[in-house]
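This report walks through one structure, chain by chain and feature by feature. Keep the sequence and the model in view while reading.

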Amino acid sequence: MFLTTPPKRLAFLGRPGDLFVVLLVNMLLTFITLGLYYPWAKARRLSWYYEHTELDGHPFHFHGTGNEMFKGFIKAIGLLLLIYGTYIVGVLMEEVKLVVIGVLVMFVGLLLFIPLIIHGSLRYRSSRSSWRGIHFGYRGQLKELYRICLRDGLLTLITVGIYGSWLTIHLRNYTVGHLRYGSTSFRYKGDGAAFFLLNLKGYLLTVFTLGIYGFWWQRDLFNYYVNNLSWEHPDGKRIQFRSTATGGGFFSLMLVNVLIVVFTLGIGFAWAEVRTMRFVLEHIALDGDADLNAVVQTEQEHKNAMADDLGDLLDIGVFI
Amino acid sequence: MERTVQAIYYDGATSKPQEATVRVREMNTLEVELPDGGCFQWPLEHKGMEWERSSAMLRLSFGDHPRRVLLIRDEPFIQSFVLRMRYAGRQGVYDRALAVARSGPVLFFLGVVALLICSYLWFLPWAAERLALLVPRTLDERIGEAAFDQMALGLPIDSARTVSLQAFGDAMELSPSFEPTYHVVKDDQVNAFALPGGHIVVFTGILDRMASADELAALLAHEATHVEERHSTRMLARSMAGYLFLSLLIGDVNAVVAMVADNANALRNLGYGRGLETEADRIGQEQLLKNGVDPMAMVGLLELLEREAEDMPEALAFLSSHPLTQERIAAARTRARELGTPQAPNDRLEVLFRPLIAAQPTEAMPSSAN
């Protein structure tokens, strides 16, 4: 009686009108409190997306609260002030030396933040997500993330950006590979060279077709993401994710979304957003005969939202 | 809530969902029965019990991590449950606001838009004005100083009469918090203006039309009140608030900086509006009485301005509330009667007034006006 979607399918059941109302209430409360409500609004928004995303007819759940995110928000601001502090003091005192040191501290500090943000954000978000009462989790090591970021970051710098494709894939292999859902885990087997060629082809064809191939490039990126992802169960069985998205599908999705947002002066944002969610989730198929009922709870709670908020403040999205 | 509904139960140990039967036993307890025959109580008034309602689902959870969860999708049950929780005071502000919004999305949207417009038009300027009054008075002086320095180059100062006017002003005590600095400017406009912090500029156009020392005293008292009561700072804050709001909405901080610079220059043309002009008249009259001048002089000044304004419609900055001048005159007359006449008239003012009219320079006086 509860199966609103076919077995082993993802679906997005949120209605745009409802999202519109949720965003409106968030905006109202954030405005009235002069922005202070932001962390709570964020928690409510995320919660709405999770609640309306279903797998196998069962919704996901976001456990994060505004209180957690507010604490994280304060800590993140403190950390940023620390990093910006030298620079600000230097400017106020009109000390050139201090300004130079401040800029260096800022630059190095922000770079060093990136692995921290990825790590902390993944830990927080995954721990605060559940499906059928079983929590997700992230068991990666911060040290290892720093190793990848420093090594590949340096190589990317030396190769004038070319190695960036490898950096992305190495990060994805590592982070997704350490994501857990109770007693099960995930695996991503990307290849830097293949990803680089995909991007090179996408870039060149997009230029030659005056941007039209951009939608097919987008499809290739999406396919590369989904098709290399699998869900490993402890009994050796696995579920392989498979993309069914087409370039034409991306074309109509994006074109109509732009039209909606432009012609409603932004008010139709929620409608565009829901169309995207539906498109993405409906074009991910799950193949395999693993038993979704046999997963056991294993992951601990992690309630520190600082890294997640820091990523928010610096506008670094952690959607690997 | 006297019902039995089907629910989905997650026990928090495994991912296996169970189809549970939920019964309302007492007011504060649900009874959950599982397919394997297991049965347990689910307290509603317990600190560890949390509930969330999304658009089509009710989610109850209980206990420490990992929590046990019940999902219910029976709409009538959900509605009576939410009502019950509301009466028990367990529905937060957010959920209430959301419930209201969901019951009438279009109306709610229009409400939010109306709220934004209202706060832009009224609340923000009001709040900015209150905030400006908390700022130390030294800021007024800095703004006024900067604005005066910028416009001083373009103003043909009559230095001889400026000295006389300063002497005239110094003979009175008009602004306890500031030390007014007076300037006479060669200009035929029937006008005068005050900058925040104490610069008061009087045009020869108005000075030459004055019949008595009392009228000049009234003019200075009026302008000094603008300074003392920080009218410019308040108006500046008001006009900046709306701009600030718009700039923040479109995220353009540079525009804010440019606007502050613009406003410093626009200070002289700032209209105070009817309320503040009347306040300047009223408090100015009280100052006149304290300084030994008949408060009725304010009536004389306003009548002079009204007469001249008819001839010179372009010189209305001082009279930004021009059509209401009759009202202002009437109010000033009533106030003057209430205040009465000074016990010891200030005789020095008449003496100090003489050099101001005696030294009339002719070159700045176009013949047409008088």
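## Chain B at a glance

Of the 370 residues of chain B, 34% count as buried. A residue is buried if 20 or more other C-beta atoms lie within 10 Å of its own, exposed if 12 or fewer, and partly exposed in between, with C-beta atoms placed from the backbone. This is a predicted model: local features need pLDDT of at least 70, side-chain atom pairs count only at pLDDT 80 or more, and totals for chains, interfaces and linings use all residues. Residues are numbered from 1 along each chain as its sequence is written, while chains are lettered from A and ligands numbered from 1 in the order in which they are written.

Chain B has 13 helices and ten strands. Helices (H or I, at least four residues) and strands (E, at least two) are DSSP runs, numbered from the N terminus. Among contacts in chain B with a separation of 6 or more, 62% join residues 24 or more positions apart. Two residues are in contact if their C-beta atoms, placed from the backbone, lie within 7 Å.

Strands β3 (residues 29-33) and β4 (residues 39-43) of chain B pair in the antiparallel sense, over five bridges. Pairing requires that DSSP finds at least two bridges between two strands. Across this pair, Leu30(B) stands opposite Trp42(B) in β4(B). Five residues lie between the strands of the hairpin, where Gly37(B) takes a positive phi near 95°.

Further along is a cis peptide bond, from His65(B) to Pro66(B), with omega near -10°. Pro66(B) is found in the loop between β6 (57-62) and β7 (68-72) of chain B.

## Two helices

Helix α1 (residues 75-87) of chain B has 13 residues. The helix reaches 19 Å from its first C-alpha to its last, close to the 18 Å expected at 1.5 Å a residue. The expected span is 1.5 Å times one less than the number of residues. After α1(B) comes Gly89(B), with a positive phi near 75°.

In chain A, helix α4 (residues 96-127) has 32 residues and should span 46 Å at 1.5 Å a residue. Its end C-alpha atoms are 45 Å apart, which agrees. α4(A) bends by about 30° at Ile114(A), and Pro115(A) follows within four residues. The bend at a residue is the angle between axes fitted to the seven residues ending there and the seven starting there.

## Two loop residues in chain A

Asp56(A) is not a glycine, yet its phi is positive, near 60°. Asp56(A) sits in the loop between β2 (53-55) and β3 of chain A. It counts as buried because it has 20 C-beta neighbours inside 10 Å.

Leu265(A) also has a positive phi, near 55°, in a residue other than glycine. Its loop runs between α9 (247-263) and α10 (269-282) of chain A. With 8 C-beta neighbours inside 10 Å, Leu265(A) counts as exposed.

## Domains and the chain contact

The domain assignment of chain A gives domain 1 (67-127) and domain 2 (135-237). Such bounds come from an automatic or database domain assignment. The C-alpha centres of these two domains lie 27 Å apart. Nine residues of domain 1 of chain A are in contact with eleven residues of domain 2 of chain A.

The contact between the chains takes 27 residues from chain A and 26 residues from chain B. On the side of chain A, α1 (16-32), α2 (38-51), β3 (58-62) and β5 (134-138) each give two or more residues. The largest share, nine residues, comes from α1(A).
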